[in-house]
Structures are given as structure tokens and as C-alpha cells.
Amino acid sequence: MQHRGHQSTDGADGGELTVPMAWLYAEYIADELLRHGDLMPPTSFEFRAGRDALALTVFLADTDGELSGIRVVSQLDTWLSLTAYDQPWQDWVRERMAQLTAQAAEQGGPAPDLELAAAAWRWLEETELLAPDLNAVPGGGPVIGEEDGPKVWTPAWQLGLPLGHLAIHLF
């Protein structure tokens, strides 16, 4: 059996059931990093946004299909640089998703990893979460109690990305 980032087993209907191992592993790494950082409750939307943004970063940064074989520590610097504040992360995600979609179309096989990554990216782009409005603070001074400050609807990825970045730092 060839190992190409996912495992295939016989499905109950006699057809092939493809298990999205690369995506599941990326999600597991992201989950562990966020839980270790203990930045927010694992049941919150913020946690999900951070986990999905990190999982996408981990999954899409794996250009050689070796995700399950990597040592997480060896990749932390790569993930930190990709999630840094001054990086066009969303453009990078769109480009990598387009590349992987084109590759999957050429190979003609099922791409369950890519489907899960695409679903996570859609959720991150289309879901808006209520977050502190850092631009609305008069004079740029600190808000006394974040809960009392002005809030603004923000795309989930814009909230999840800095959380993911911080979680990598804390690891």
C-alpha cells in the first residue's frame, strides 16, 4: 500500500473509505497547542477559530505529505512565521488551497483531507465573532475591563490566527 498522506480501508459497502489522516493529525496538533496554552475554554468559538486557523496552517505548510512523520518542534518556527501579524496569511491559505485543489483534480481521487480543510476555511471566513474593537478606543488608551469596551463583528480567522500564533509561542 502506498502512503500518500491518508490511509484507505475497505468501507462497509465494499467500496473504499478514505480516512483523512493528514487533516486529523493537523487538527490534533492544533488542539494540543491551544490546550497547552490554556488561552480560552475548549468549548468556545474562539478556541475553534484558533484551532481551525492553526490546523489549516499545519496542514497547508506540509508540502511534502509527511505530516504524520514530522516532529512538531521542528515545525514551530515555520508555523510562527506563517501566522505572524505582518504576514498575508489569508492570501497564503487561498493560494495553497488552490494548488491542492488543482493537484486533487489531476489525480482524480477522493481528497477528504482537502474537503475538511476547505470546510474549516469556509467557517473561518464566513463566521463572524464579537471581539473587542481595538480601533475604537478613544486616544488609543487601554480599555479598563475588556468586557466593557466597544465590540465589533470580526471574521473568525482574524480572531483565531493571533490566538494560534500565541499558542505556538507559549508552547
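The secondary structure of the protein chain in this predicted model comprises 6 helices and 4 strands, where helices (H or I, at least four residues) and strands (E, at least two) are DSSP runs numbered from the N terminus. From the N terminus on, these elements follow the order β-β-α-α-α-α-α-β-β-α. Residues are numbered from 1 along each chain as its sequence is written, and side-chain values use heavy atoms, with hydrogens and water left out. Because the model is predicted, local features need pLDDT of at least 70 and side-chain atom pairs count only at pLDDT 80 or more, whereas totals for chains, interfaces and linings use all residues. Of the 171 residues in the protein chain, 43% are buried, a term that denotes under 20% relative accessible area, with exposed meaning over 50% and partly exposed the range in between (1.4 Å probe, protein chains only). Among contacts (heavy atoms within 4.5 Å) between residues at least 6 apart in sequence, 66% join residues at least 24 apart.

The largest nonpolar core has 47 residues, among which Leu56, Trp79, Trp89 and Leu124 touch the most other members; such a core is a set of buried Ala, Val, Leu, Ile, Met, Phe, Trp, Tyr and Cys residues joined through side-chain atoms within 4.5 Å. At least two residues of this core are supplied by each of α1 (21-37), α2, α3 (72-83), α4, α5 (112-126), β3 (128-132) and α6 (156-170), and the largest share, 10 residues, comes from α2. When neighbours within four places in sequence are left aside, Trp89 is in contact with Ala53, Leu56, Thr57, Leu82, Thr83, Trp121, Leu124, Trp157 and Leu161.

Helix α2 (residues 45-61) packs against helix α4 (residues 89-107) at an angle of about 50°, with the axes 10 Å apart; axes are lines fitted to C-alpha atoms, for helices over the stretch in contact, and angles run from 0 to 180 degrees between N-to-C directions. This angle makes α2 oblique to α4, since angles under 35 degrees count as roughly parallel, over 145 as roughly antiparallel, 65 to 115 as roughly perpendicular and the rest as oblique. In this pair, Ala53, Leu56, Thr57, Phe59, Leu60 and Ala61 of α2 meet Trp89, Trp92, Val93, Arg96, Met97 and Leu100 of α4. By class, the contact of α2 with α4 has 10 nonpolar, 1 polar and 1 charged residues, with Ala, Val, Leu, Ile, Met, Phe, Trp, Tyr, Cys and Pro counted as nonpolar, Asp, Glu, Lys and Arg as charged, and the others, Gly among them, as polar.

Helices α1 and α5 pack at an angle of about 45°, with their axes 7 Å apart, and α1 is therefore oblique to α5. Met21, Ala22 and Trp23 of α1 make this contact with Asp113, Leu116, Ala117 and Ala120 of α5, and its residues comprise 6 nonpolar, no polar and 1 charged.

Trp123, in helix α5, counts as buried at 13% relative accessibility, and Asp52, in helix α2, counts as buried at 2%. Although 71 residues apart along the chain, the two have C-alpha atoms separated by 8.7 Å. Not counting residues up to four places away in sequence, Trp123 touches Phe45, Arg48, Ala49, Asp52 and Ala156, while Asp52, on the corresponding basis, is in contact with Glu27, Ala120, Trp123 and Leu124.

Asp38, in the loop between α1 and α2, counts as exposed at 64% relative accessibility. Most residues other than glycine have a negative phi. Asp38, although not a glycine, has a positive phi of about 50°.
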